[in-house]
Amino acid sequence: MTVLGLGDMGSALVRALLKAGYPTTVWNRTADKAKPLVAEGATHATTVAEAVAASRLVIACLFDYKSVTDVLDTAGDALTGRVLVNLTNGTPGQAREFAGRYDVDYLDGGIMAVPPMIGTPAAFVFYSGSRSAYDTNKQVLEAFGESLYVGTDAGFAALHDIGLLSGMYGMFAGGLHALALVTSAGVPATTFAPLLKRYITSMAGYVDGMAEQIDKQDYTINVTSNIAMQSAGYANLMLSAEEVGISPELLAPLAPLMARRVADGHGHEDIGGVVELLKKGKK
Ligand code: NDP
């Protein structure tokens, strides 16, 4: 196997391959980062072309898509006919455009783990693009964690990846707001954190009911708390922020969306209907 990119994530991928017993060739722009991996059994290639030529399966894990093209454009003909798995974070559009750039069997991937999780059962990775590239290399790829193939559309791994990251950052936004609120009133973050974790974990279960509403475009099913009530309660989040003197900017955008659903006559329905407003695009 060949791995291009030995940052925090690329190095973790190499270690997982070595641990699983796969001979691995590595390349990195800053060559020094290869040293510890060579000490652990990897082979260092000094040029991209040499690294690519060393293996049928080439894995790229670089900073962004531009860095991947900067690197692979120097490989010349060495890439032709190889399997290229790009585990660099990007958008679905970038992945689709990139898929046709080189004469390779292309798989795009989205890693749903941080480096210390790689190679543990907690890690999973989305793949999309060439089905044959996935089927042939699934066993090797599972050295990183569970592999989930999400379709022949090369953009789908990024779509799923960005979807999960969107959920995560939404949760972080709420968590940061909550911690700013309580600590500004003197409650230690460490006292509040276990309560935050407990409540967020129990509320995560509501996503299933929302998903059913969204697929059926029926926000009158699975209603446990109607949006008119939630919209009025949400106003108190904004007022409480004002009272303690913290900025409401992380949570403020949801308030007018909820109010619009209520004003449009959907007050008896669930909050899931906000998706209908988002799908209309920017106002
Ligand atoms: P790092 O910042 O640790 O490493 C970045 C890597 O990209 C280095 O190998 C760096 O080389 C290389 N690089 C940057 N720009 C260029 C360039 N123009 N030409 C050649 N090489 C370049 O990032 P990570 O390893 O953490 O992340 C790599 C990818 O994995 C990213 O797309 C990231 O989003 C994704 N990822 C990371 C996760 C994480 O928690 N770390 C989680 C999930 C996905 P050099 O050493 O020479 O600077």
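**Exercise 1. What share of the residues in the protein chain is buried, and how is the chain built overall?**

Solution. 
- Start with burial. In this predicted model, buried residues make up 34% of the 283 residues in the protein chain. A residue counts as buried if 20 or more other C-beta atoms lie within 10 Å of its own.
- Next, count the secondary structure. The chain holds 12 helices and 8 strands.
- Then take the extent. The C-alpha trace spans about 65 × 45 × 30 Å along its principal axes.
- Last, look at contacts between residues at least 6 apart in sequence. Of these, 59% join residues at least 24 apart.

**Exercise 2. Divide the protein chain into domains and describe the contact.**

Solution. 
- Domain 1 runs over 2–153 and domain 2 over 160–279.
- Take the centres over C-alpha atoms. They are separated by 37 Å.
- Turn to the contact. Domain 1 gives 5 residues and domain 2 gives 4 residues.
- Sort the side of domain 1 that touches domain 2. Its residues are 3 nonpolar, 2 polar and no charged.

**Exercise 3. Which residues does the UniProt domain annotation cover, and what is their helix and strand content?**

Solution. 
- Read the record. The unreviewed UniProt entry carries the annotation "domain: 6-phosphogluconate dehydrogenase NADP-binding" for residues 2–150.
- Work out the content. Over residues 2–150 the chain is 34% helix and 23% strand.
- Check the ends. The end C-alpha atoms of this stretch are 24 Å apart.

**Exercise 4. Describe the shell around the ligand.**

Solution. 
- Count the residues. The ligand is surrounded by 21 residues.
- Pick out the closest. They are G7, R29, T30, F63 and N89.
- Sort the shell by type. It has 9 nonpolar, 8 polar and 4 charged residues.
- Ask which helices contribute. Both α1 (8–19) and α4 (65–72) supply at least two residues each.

**Exercise 5. Which residues of helix α5 are buried, and why do they lie on the same side?**

Solution. 
- List them. In α5 (residues 92–99), the buried residues are P92, Q94, A95, F98 and A99.
- Find the side. These residues cover an arc of only 160° around the axis, so they sit on the same side of α5.
- Recall the general rule. An α-helix has 3.6 residues a turn, so residues three or four places apart point the same way.
- Find the cover. The buried residues of α5 are covered by elements including α4, β5 (83–86), β6 (105–112), β7 (124–129) and α7 (156–184).

Definitions and conventions:
Residues numbered from 1 in each chain as written. Predicted model: local features only at pLDDT ≥ 70, side-chain atom pairs only at ≥ 80, totals over all residues. Near = placed C-beta within 6 Å. Helix = DSSP H or I, 4+ residues; strand = E, 2+ residues; numbered from the N terminus. Nonpolar A, V, L, I, M, F, W, Y, C, P; charged D, E, K, R; others polar. Domains from an automatic or database assignment. Contact = placed C-beta atoms within 7 Å. UniProt positions renumbered as here; feature names shortened; annotations may be inferred. Buried ≥ 20, exposed ≤ 12 C-beta atoms within 10 Å, placed from the backbone. Arc of directions from axis to C-beta.
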